[in-house]
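Colleague: I am new to this model and would like to learn how to read it. Could we take one feature after another?

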Amino acid sequence: MSATGTCEYQPKDYKSDLKPIWCPGCGDFSVVQGIYRALAAVGRPPHEIAFVSGIGCSSRIPGYTTAYGFNSVHGRSLPIAQGIKMANPDLLVLAAGGDGDGFSIGGGHIAHLIRRNMDITYIVMDNQIYGLTKGQLSPTSQKGRVTCTSRFGSLEEPVNPLLYVLAYGAGFVAQASPTDLVGMAAVIEEAIRYPGFAFVNIQSPCVTYGEEGQQIKGLKAISESLSALGHNPADRLAAMDLAQHYGSKMHLGVFYRNPEPPPTYGDLVKERQALLSKDALPKERILDLFIKK
Amino acid sequence: MRKDLVFGMAGSGGDGIVSAGDSLLQAAAAEGYHGVMTKSFGSQIRGGESSCRVRISTTPILNPGGNLDVAVALNWEDFLKFGAELPVSGTTVVIYEAATGIKESEIPLVGVTPLQVIAVPIAAMAKETAGTERAKNTVVLGLIAGWFGIGAVAVMKGIRKKLAKKGEELVEANQRAFDAGRAFAMEHPLKASMNVVPSETKGNVKLITDGNDMCAAAAIFAGCQFFGGYPITPSTEIMQFFTDQVWKYGGSVLQAEDEIAGIGAAVGASFAGKKSMTATSGPGLSLKSEMMGLASIAELPLVIVDVQRGGPSTGLPTKTEQSDLFAAAFSAHGDVIRPVLAPTSVADMFRITIEAFNIAEYYQTPVIVLSDQEIAARKETLDPIDTTQFKIINRLVPSGADLQDYKRFKQTDNHISPISHPGMLGGTYLASGIEHVESGAPTNSGNVHQRMNDKRTKKFDPLKDRKDLFEVTGNPNAPIAMVAWGSIAGVCREALEMAEAEGLNVKLLVPYLLYPVAEGVYNDFFASVQKGLVIEQTHLAQTFKLLRMHVDLPKGLKSLARSGANPFLPSEIVAALKTLVSELQRSHEGNLQPQE
Amino acid sequence: MAIQGIDFAKLSLKDALDLAILIEDEAQERYEDFASQMEQHRTPEAARFFRYMVENEAKHGRELSSRRLQLFGDAPRSVTPSMIFDIEAPDFDAARAFMTPRMAMEAALASEVKAHAFFVSALPALQDLEVRALFEELRDEEIEHQHLVKIELAKLPPDSRLSEEDFVDEPAPQ
């Protein structure tokens, strides 16, 4: 198929041969299934997809797909994803990581990716713990949570990832979970299709270090569908109001979708390139710029 | 009867093989032995391949050991994954799971014929006695008690204690599994007895701990009141120890949002007058470089522990290496000298960490402690340490006179200025990364810059005379030498013993202070040396090159360097030394030939 | 378990057969994933059982495929894998490191029960008589599969009352 053309792809076409190191029962298995299905629905060939991640259990995910993967360094998937997208705007660029990778060390980068509105989809697998390094506190852990680095209970309020991105003005914000597989695949697909920066927070339980109440059963108990609540995703303030329940309720679906998506950074860059290219000196004559007229 | 045994055991995370090693170490300590245990894993969080080595001895142990005396393989696929970490030789007794279906004459060890090979129905015994195959590890402990005389009583005592809360049924199940293993061993005695002689120090108190916990405990002892850091394998346990303990001493600990914030908070705590530290591994050290430079120019005391792992970048997070030396010495732009210390074992980690704080406080500088994954994660038994022998040094506080017209960066004879902190009346100053005059005010004057650089580098001159931060063993006039640091020093100490036992004339230099390079100490050491090896676990031979930058090395001094996760064996070092001895003899004979 | 985009009232026999094949495919792939996870995490007995289930699902898939071939040749499919989620495939959450063969079989049993429930719930909406017959057949087969798993379960000795976690090593930091 030609570049940017779409074909009939099955979810299996996006699944690589690398066997995940995740513990059996890990929520990330369902998430990667959701990603395979979303990509099949969107239909871009695997070789036209760049999938960047940071460090953590969930950051292993690019290796389990047939896309061009980049399992980079802790917290820096977004700068690298931005570079990829700017270099080749026609690629489908995805970024993924955990709550620590994204909201602790990576926290400083999210605001800027949002305000640049690059057409990148960022998927965070939020399990309120640092799994890979053996169970330390994460920025989304509840206050009072006992972990290896908070044996007497955490003294900090958690970050609210949903409010964080909504407040910075993200154009597409959703939350999903393996408790609702159809919803999760649908929301990932919608995020990929959204023309601009799109954020999906996925409550994906850690079966090894997560608390009992945070496993699939516990999540189902606090789960509520945003569409069933009658939420209007074009209303940012209503979205922010609902987002405040992060931690006590798990709202699933689209919190916010900009009804009139502004031009993406890539659109604006293309526009500028088109405007200025006529002024380009031939490269061999570039030094003419230094000739005093 | 043996004085020393090295066990190597491998299986999967589900086999509890590391728990078994732990129990064995605890039991050995209870029986008065010295012991060391190291662990190694695959990349799964749970049931991946898993191994441990336990060395038990009647004398203090220098190093986790080379070739195994006893190899226990619960399955061959996992055992072989550990390659050179579990070396089997002609003197090894191999015990393996009969359920693997492999005949004793056909075990998959290429090119080696072990001393004895025994298939044991470990899983079946576990199933029969404890009702689950997962009690394999306890059966193994029973076999070890029966065949090698270690832990006959102490193992079950330890297991009882550990499982007491989980119920009598579990304890009984383990007891039956243990007894079955022991009975099997008694019924199938080894061809040659390998019992370890009873220890003469039974009943003495023994500490058991690992490098990370020891480092944290030493820091608190030295008066560290603040820890700022971020989780990273294999250093996270240092932060975890602080989160358990430091509150009790009026201090605090912050798991910051990232590595830079972690060291930033520690720099802040130091500015505020408290002894502070951070800990990390390679990737974190790279991130922290800017802050380290800031602490250097602002002349703020700070201890940074780097628990080295395989690099570069994410590298090999669970394997040891020594390749952060260049980064420790040279990270951060500009002309900076930053002391680098390296412990060689869990035992001297206590002393070296205290030394790091003393040097940091005295010289008002960041100091890097280069630990490594091997020392950090290995458990050692230790004789109690007399903490009263250690002197604690605090930063130079301004006197009343100093505080009249206080100048933070006042030039003094030894280039060290009294340092104030917020809250001290009369001591207000501006700390910054920008170049500054004596008062701390910013400057861009070339003259001042030259003088300040002089101050900040010359202040470290006395460090180069610290002979107590170097260890020389063997014949001081030997013509053949080894240089090694960190966990490799232990391997070389054992190699030295073996070489001397064979009549070789060699000596070993172990630097605890790696940077600044103490040229005088090295010159003295190399005076008699004609041939030698700088032995290190770095692909680029970083130590060799660092020495070459500062010291006129003997022509015959060569590098023996390899990447991490590839251990050195004492025997291979002895072989390399023997080669040097022959080369030396030949060249002497050559020199004695009559001239044409 | 979930579906999307399936109109049972309008379901043709071709689509129904294709759906049934996709259901078996999905289950086969899931058991394959589970077997692989168990092997990665050194839980060989559970792995063996899951490989046995892979074979079962493959066999059912083959039977349905040959029927489909006979009736409809290689006419293009109009149903896609994205229309079904975990119908007969066990939930990912059902796997655990160190799971016993009993736990593995119970996961398989739960899946057969799930699949049975799917066919039962679909029946009232079906209009086409041949499709009804097919779904009734598949529903009854699920009962047969449950029966087979129960036989295997009965062969097992009871699990030790002790928990796996009491024996295994702590997780390893990476």
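Modeller: Begin with a term: a residue is buried under 20% relative accessible area, exposed over 50%, and partly exposed in between, using a 1.4 Å probe and protein chains only. This is a predicted model, in which local features need pLDDT of at least 70, side-chain atom pairs count only at pLDDT 80 or more, and totals for chains, interfaces and linings use all residues. Residues are numbered from 1 along each chain as its sequence is written, chains are lettered from A and ligands numbered from 1 in the order in which they are written, and side-chain values use heavy atoms, without hydrogens and water.

Colleague: Is Arg55(B) buried or exposed?

Modeller: Arg55(B) has a relative accessible area of 8%, so it counts as buried.

Colleague: With which residue does Arg55(B) form a salt bridge?

Modeller: Side chains of opposite charge can pair when their charged atoms come close. A salt bridge here needs a side-chain nitrogen of Lys or Arg within 4 Å of a carboxyl oxygen of Asp or Glu. Arg55(B) pairs with Glu494(B), and their closest N and O atoms are 2.7 Å apart. Arg55(B) is in strand 3 of chain B and Glu494(B) in helix 15 (residues 487-501) of chain B, so the bridge ties together parts 439 residues apart in sequence. Such elements are DSSP runs numbered from the N terminus, helices being H or I with at least four residues and strands E with at least two. Glu494(B) is buried too, because its relative accessible area is 13%.

Colleague: How many salt bridges are there over all chains?

Modeller: The search of the whole structure finds 55. One of them joins Asp402(B) to Lys410(B), with the closest N and O atoms 3.6 Å apart. Lys410(B) has a relative accessible area of 33%, so it is partly exposed. Elsewhere, salt bridges with shared partners link Lys15(A), Glu29(C) and Asp33(C) into one network.

Colleague: How many salt bridges lie between chain C and chain B?

Modeller: The count there is two. In one, Glu49(B) meets Arg42(C), with the closest N and O atoms 2.8 Å apart. This pair crosses between chains: Glu49(B) is in strand 3 (residues 49-57) of chain B, while Arg42(C) is in the loop between helix 1 (13-40) and helix 2 (44-72) of chain C. Both Glu49(B) and Arg42(C) are buried.

Colleague: How much area do chain C and chain B bury between them?

Modeller: The size of an interface is often given as the accessible area lost when the parts come together. Chain C and chain B bury about 2,400 Å², 49% of it on carbon and sulfur atoms; buried area is the loss on being put together, summed over both parts (1.4 Å probe). Arg42(C), Phe167(C) and Gln174(C) supply 33% of what chain C buries against chain B, more than any other three residues. The contact (heavy atoms within 4.5 Å) takes 21 residues from chain C and 36 residues from chain B.

Colleague: Which residues does Arg134(B) touch?

Modeller: Leaving out residues up to four places away in sequence, Arg134(B) touches Gly14(B), Thr43(C), Phe98(C), Glu164(C), Phe167(C) and Val168(C). Arg134(B) sits in the loop between helix 3 (122-130) and helix 4 (136-148) of chain B. At 11% relative accessible area, Arg134(B) is buried.

Colleague: What elements does chain C have?

Modeller: Chain C has four helices and two strands, in the order β-α-α-β-α-α from the N terminus on. Its C-alpha trace spans about 55 × 35 × 25 Å along the principal axes. Of the 174 residues in chain C, 53% are buried.

Colleague: Which residues touch the most other members of the largest nonpolar core?

Modeller: In soluble globular proteins, nonpolar side chains tend to be buried together. A nonpolar core is a set of buried Ala, Val, Leu, Ile, Met, Phe, Trp, Tyr and Cys residues joined through side-chain atoms within 4.5 Å. The largest one has 108 residues, and Ile238(B), Phe242(B), Met277(B) and Leu577(B) touch the most other members. Helix 12 (residues 346-363) of chain B gives this core its largest share, 10 residues. Apart from this core lies another, of 70 residues, including Ala40(A), Ile192(A), Tyr194(A) and Met53(C).

Colleague: Which residues does Leu577(B) touch?

Modeller: Not counting residues up to four places away in sequence, the list is Ile480(B), Met482(B), Ala499(B), Leu504(B), Val506(B) and Leu533(B).

Key. Buried area is the accessible area (1.4 Å probe) that two parts lose on being put together, summed over both.
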